[in-house]
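Dear colleague,

Please find below the structure that I am handing over to you.

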Amino acid sequence: MERVLIVRVGELTIKRGKTRVEMERLLLRAAKEAATECGNVRFVREPGRIYALGDIDCLRNKLSRVFGVKSVSPAYVIIFEKIEDIVDAALKLWGSAVAGRKFAVRVHRVGEHSFTSRDIAIAVGAVLTKAGGKVDLENPEVELFIEVRNNRAFLYTEVIEGPGGLPIGSEGKVLALVSGGIDSPVAAWMMMRRGAHVDVFYCNLGGTFVARLVVEVIKRLLSWSYGYNARVVITDCAPIGRTIRRNVKEELWNIAFKRALYLTARKVADIVRATALVTGESLGQVSSQTLQALAAVERGLDIPVMRPLVGMDKDEIIQLARKIGTYELSIKIPEYCAIFSKRPKKWATREEIEEIDLAIYDAVIEVVKNIKIVKKRELDSYIASLSPPQDIEIESLPPDAVLIDLRDQKSFQKWHLPGALRADPDDVLTLVDRLGHDKTYVFYCYSGGLSLDVAESLRKFGVKAYSLKLRK
């Protein structure tokens, strides 16, 4: 018996004519890319099915992540002449597996035969009962599947769920705004699932430490993007942050940043030729995601903004993030930002949006001019190239430096360096505003990564900042 992987296609089976032919081509292209790590692989296609031959264990893992694939099953296939051939194969494969256990035989049949699906199920059930098993169609311990297609029978016990949806590339191109947090990668993934080519835009407000983490999240997200060498557009958004803090009222900072992000992404969309933007916003989740705030920040934007998560709650989004594989990385990314107001407005008037646009225009243009485009297959080398400024880590305190502990309150109370102040990462710039931008600031944390990043991000705001290397 030959071993094959059955690949079941989903939604594209309802398509017709040239549309279906093109979708099948895109699906097969993605499947071939997914299978590149599995050695020599051969694909056989027939209506409603693709069969993959090669390293089945490798293929089951890879092809179950291809968009457009409903499910996969590792199976044994036989060529039969009569029903007894199928029965013999079932006994050989499953006789010992059902001994002392309850089982059910599920049969699906396509083609003209002298027997029915029920005939097969009864005959196979009879021989497996003699082998020591017990038929239980309601609560079986083992489910045995037989799929008969013309003169071939496929025998299997596993149905591994795929992502479903449509093949990537069948529904145009979008630009997903990805911050690295829990929500935005899920939104991008959902657009891939609907057949869109998804390019990614990352607006970095932090330093190298956070940038590495975010790009790792993007890399894991794009590991699903079989069939498309997606582009990741990365830019330093510190000019936007500086401008907003200097020229926009504090209660409008959150809305102003989102407006700047939309306007920047709109220009980037032209560069990568995307026809829509995608965001991870969920209605009402935070102050900048109220209906009024969302309407304000996209006012006058001449491009569709798609929000796949708009009606989902946080638990649903987290569940999907775990499935995608981005959740564990996303929760490691520090949630701090230099332009989050402590007392944010939940809406903005047309006049306020116009004032924001005037204030941020030059900063948006500067940010767009400095974008860097990295292809999906170049992400590893890009991550390896990221390093903080060489002079940012020090081993001793400069004279009159302000020392700041970034650890949690409990750790600070248990032990801290003499003279240190404690601050949460998202409060650092407020603290610097209060103490003065003319001072020297030195930070420390648990492992050094966060303090390096905070110091690096402060330097973008013209602050003299360092990370203290603690002696172990």
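I begin with the charges: the protein has 71 positive and 60 negative charges, and their mean positions are 2 Å apart. Here Lys and Arg count as positive and Asp and Glu as negative, while His and the chain ends are not counted; a charge is placed at NZ of Lys, CZ of Arg, CG of Asp or CD of Glu.

Please note that this is a predicted model, in which local features need pLDDT of at least 70 and side-chain atom pairs count only at pLDDT 80 or more, whereas totals for chains, interfaces and linings use all residues. Residues are numbered from 1 along each chain as its sequence is written, and side-chain values use heavy atoms, with hydrogens and water left out.

Overall architecture

The protein contains 16 helices and 20 strands, taken as DSSP runs (helices H or I, at least four residues; strands E, at least two) and numbered from the N terminus. Along the principal axes, its C-alpha atoms fill a box of roughly 90 × 55 × 40 Å. Of the 472 residues, 55% are buried (under 20% relative accessible area, with exposed meaning over 50% and partly exposed in between; 1.4 Å probe, protein chains only). The protein exposes about 22,500 Å², of which carbon and sulfur atoms supply 50%; accessible areas come from the Shrake-Rupley method with a 1.4 Å probe, and for residues only the protein chains shown count as cover. Among contacts (heavy atoms within 4.5 Å) between residues at least 6 apart in sequence, 79% join residues at least 24 apart.

Disulfides

There are 2 disulfides, a disulfide being a pair of cysteine sulfur atoms within 2.5 Å. With the bonded cysteines numbered in sequence order, the pairing is 1-2, 3-4.

Cys 38 is joined to Cys 58, with an S to S distance of 2.0 Å. The torsion about this S-S bond is about -75°, so the disulfide is left-handed. Cys 38 lies in the loop between α1 (17-34) and β2 (42-46) and Cys 58 in helix α2 (residues 56-63), so the pair ties together parts that are 20 residues apart in sequence. Both Cys 38 and Cys 58 are buried.

Cys 203 and Cys 237 form a disulfide with their sulfur atoms 1.9 Å apart. This link is also left-handed, with -140° about the S-S bond. Cys 203 belongs to strand β11 (residues 197-204) and Cys 237 to the loop between β12 (231-236) and α7 (238-247), so the pair ties together parts that are 34 residues apart in sequence. Cys 203 and Cys 237 are buried.

Annotated positions

UniProt, in an unreviewed entry, lists Leu 177, Val 178, Lys 258, Gly 280 and Gln 289 under "binding site". UniProt positions are given in the numbering used here, feature names are shortened, and annotations may be inferred rather than shown by experiment. Leu 177 is in strand β10 (residues 173-177) and is buried, with a relative accessible area of 8%. Leaving aside neighbours within four places in sequence, Leu 177 is in contact with residues including Phe 201, Leu 261, Tyr 262 and Val 278. Lys 258 is in helix α8 (residues 253-272) and is buried at 13% relative accessible area.

The UniProt annotation "active site", from an unreviewed entry, covers Cys 445. Cys 445 is located in the loop between β19 (440-444) and α16 (449-459) and counts as buried at 6% relative accessibility. Not counting residues up to four places away in sequence, Cys 445 touches Leu 406, Arg 407, Leu 450, Ser 451 and Leu 470.

Yours sincerely
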